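Work through the exercises below with the model open beside you. Try each task before you read its solution.

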Protein chains: 2
Amino acid sequence: MSQKPVTMADIARHAGVSKATVSAVVNGKDSVGDETRVRVQAVIDHFNYRPRSAARLHGDAARPCIGYIIKEARNPYYAEALDGILSVAQAAGYLVEVASSEGDLERERAIVEQFTAQDISGLVITPILHEDADLSHLFELKRLNVPFVLVERVRGLQASLVDIDNVEAARAATRHLLADGHRAIVHFAGPPYSSHSEERARGVRLAFSESRRAFEDAGVVHAGDALEDGYRAALERFGEAGDRPTAVVCYNDLVALGVVRALRELGLRVPEDVSVMGFDDLDILDYLSPALSTVHVPKREMGERAARLLIEQIESRGHAQPERITLPVELKLRGSTAPPAEAASPTP
Amino acid sequence: MSQKPVTMADIARHAGVSKATVSAVVNGKDSVGDETRVRVQAVIDHFNYRPRSAARLHGDAARPCIGYIIKEARNPYYAEALDGILSVAQAAGYLVEVASSEGDLERERAIVEQFTAQDISGLVITPILHEDADLSHLFELKRLNVPFVLVERVRGLQASLVDIDNVEAARAATRHLLADGHRAIVHFAGPPYSSHSEERARGVRLAFSESRRAFEDAGVVHAGDALEDGYRAALERFGEAGDRPTAVVCYNDLVALGVVRALRELGLRVPEDVSVMGFDDLDILDYLSPALSTVHVPKREMGERAARLLIEQIESRGHAQPERITLPVELKLRGSTAPPAEAASPTP
DNA sequence: GGCCTCCCCGGGAGCGCTCCCGAAACAAAT
DNA sequence: ATTTGTTTCGGGAGCGCTCCCGGGGAGGCC
């Protein structure tokens, strides 16, 4: 298995030249004769030699590069935030590398290690945070003085953060439905490893509990963060007979789209029979019909702010203080929410 | 600007210890006394020292890692392909890093350099290919013996490739519309830097030219690859009075969704007034209404095959032959295409 | 008080590579 | 024939770090 790595000295020996000459050939210097070049190149090709550039520690410093760790490659949310990061990073001459943990803590840990082993300049991290997750790799980052910015709150970790007030946002969205007269509202919550999910669920519950009018809590269902999750959850919840919620607050827009599809298949109309509220305001929503009511999250701006914060931190050489930025959200009411049929007309 | 980088020797000097001790502290070895550890750590913190791990060239080899270079972070197409790459790579113990060129050749070049400077194990590349683009960085990869797999054809570059037959696919899609009786078809082509775009346009033209029935070529319009591009192009093309195409073949699904929105705003019905054909078959399409007719591209499988090919190449230590895989596509007819009004009901 | 541990720590070699500089080898100019 | 120049190559130092090993100091035991 573990072949001995072929080194530049090996090539030099086999080609009957010095290491310096091999180095010159590898780097395309013009200070080497054609005959020698060909001979050395042949040996290189034969051994399939590739210089371990890790060893080349002087000379041109690596281009500064920041890493972005996301949780779900398939959620356009991150692509939009990436857009913001890219615009700022590019302007500042930084490269951006993205890695997805796909919701797996061990993968996140491996990614962080990989990045630090590559002397990355800094990281923007969407951390995995399920109950008693081992966050040692994040603390490790602090110990190694690797600049990083979080885009999701981590309890007990003193670090820069760019986020929205998820509790308040979810609360506002739910309040709106309550004000519209909905009395049975269900919340399709996100994945357990996300603090965003937990916070949004908390906001929904807060709105539930503060509701003074007659209200039957239709509960919180653990759904997920993908299209299929919303679809499945809605088929299950609305497929059963009896009490049917009149509104659903979703963890995010993808879940909401899944719900809309399920409702359509179940023969329920949106918003006449069921109101659906999303979260995030993905770009694509503008292009759909019916348009989804949702909470607008300034993803692009969050990416920009995170990148700016990170670059400040990098260029201050770690002497910048951690900073916390909370960006405002906005309720976007479009076509997928309306007062419930019963409440719409009567009770003036 | 260019601060002198603080090295381990600096820390050792200021702490009054040896480099070895500093190294031990940095790596959390337990062979160092508490008092010394604290003192050294203090100096490290003060100077904000971070070991240049590039210099640590023995010991634990870096985790094998493959890079994926995409063209457009915001296109879910790549996210779905990434899904396939991730599943194979993860199973084989590889990490995946994604970088987006955002359609910019210089950025692509910088990314490739960055990756090779990091001793990446291999690359999956979606190359930028506009007319007489300078592809020297790709040839450079061959020279450096860096394994890589393309997922878009590059003329004149002998390398592994996983792709579909874009010409044939676009031709089939257009043929279908022709067979349905459409006589004025417009093609909204993709960005100029993409060979996929060029090939698909070629396929459309082929279908045009082979059509035996009376047919007015409504032309090829240069649109782009994003939602807004399709939206803009459709507003322009269908906003004008006079000859109105009865069908549009789009470069991809995003463009098609943009077109659908524009048509809706213009008061045109899909598919009654205009048929819209997409390309790619994004996951989200299943969740939309009306569902989009499109060409199903096996993105996930393409990602899997590309990753598998790449890993074979890596583990054969460069002695594997380049291989070309062409995967089949499938026409997915859903709700956005139909025979044109005139042809459907022959004027009763 | 002598001796043997054990624990810390420092000295120094070595990693694979690149750079600087000078030695050959040959050509051209005086 | 000597000088000057040019091209091509090798020797060797040095990069920042880690590992091995051996030396010294503190403490325990007789």
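**Exercise 1: The surface near DNA strand C**

Sort the residues of the surface near DNA strand C into nonpolar, polar and charged.

Solution. Start with the classes: Ala, Val, Leu, Ile, Met, Phe, Trp, Tyr, Cys and Pro count as nonpolar, Asp, Glu, Lys and Arg as charged, and the others, Gly among them, as polar. The surface then divides into 10 nonpolar, 11 polar and 4 charged residues.

Before going on, note the ground rules. This is a predicted model, in which local features need pLDDT of at least 70, side-chain atom pairs count only at pLDDT 80 or more, and totals for chains, interfaces and linings use all residues. Residues are numbered from 1 along each chain as its sequence is written, while chains are lettered from A and ligands numbered from 1 in the order in which they are written.

Next, find the neighbours. A residue is near a strand if its C-beta atom, placed from the backbone, lies within 6 Å of it. By that rule 25 residues surround DNA strand C, and the closest are M8(A), S23(A), V17(B), S18(B) and T36(B). Two or more residues come from each of α2 (19-26) of chain A and α2 (19-26) of chain B. Helices here are DSSP runs (H or I, at least four residues), strands are E runs of at least two, and both are numbered from the N terminus. The largest share, 4 residues, is from α2(A).

**Exercise 2: The surface near DNA strand D**

Which element gives the largest share of the surface near DNA strand D?

Solution. List the surroundings: 25 residues, with G33(A), T36(A), M8(B), A20(B) and S23(B) closest. Helix α2 of chain A and α2 of chain B each supply at least two residues. The largest share is from α2(B), with 4 residues. By class, the surface has 11 nonpolar, 10 polar and 4 charged residues.

**Exercise 3: Two copies**

Solution. Superpose by least squares on the C-alpha atoms of residues with pLDDT of at least 70 in both copies. A turn of 180° and a shift of 0.0 Å along the axis give an RMSD of 0.2 Å. The copies are thus related as by a two-fold rotation axis.

Now take the interface. Contact means C-beta atoms, placed from the backbone, within 7 Å. On this count 47 residues of chain A touch 49 residues of chain B. On the chain A side, α4 (76-91), β2 (95-100), α5 (105-117) and α10 (253-265) each supply at least two residues. That side holds 24 nonpolar, 10 polar and 13 charged residues. Of the interface residues of chain A, 100% are also interface residues in chain B, so the copies meet through the same surface.

**Exercise 4: Backbone details**

Where is P271(A) placed?

Solution. P271(A) is in the loop between α10 and β9 (275-277) of chain A. The bond from V270(A) to P271(A) is cis, with omega near 5°. In chain B, V270(B) and P271(B) are also joined by a cis peptide bond, with omega about 5°.

Is D280(A) buried or exposed?

Solution. Buried means 20 or more other C-beta atoms within 10 Å of the residue's own; exposed means 12 or fewer; partly exposed is in between, with C-beta atoms placed from the backbone. D280(A) has 25 C-beta neighbours inside 10 Å, so D280(A) is buried. Its phi is positive, about 120°, although D280(A) is not a glycine.

How values were computed: Contact = placed C-beta atoms within 7 Å.
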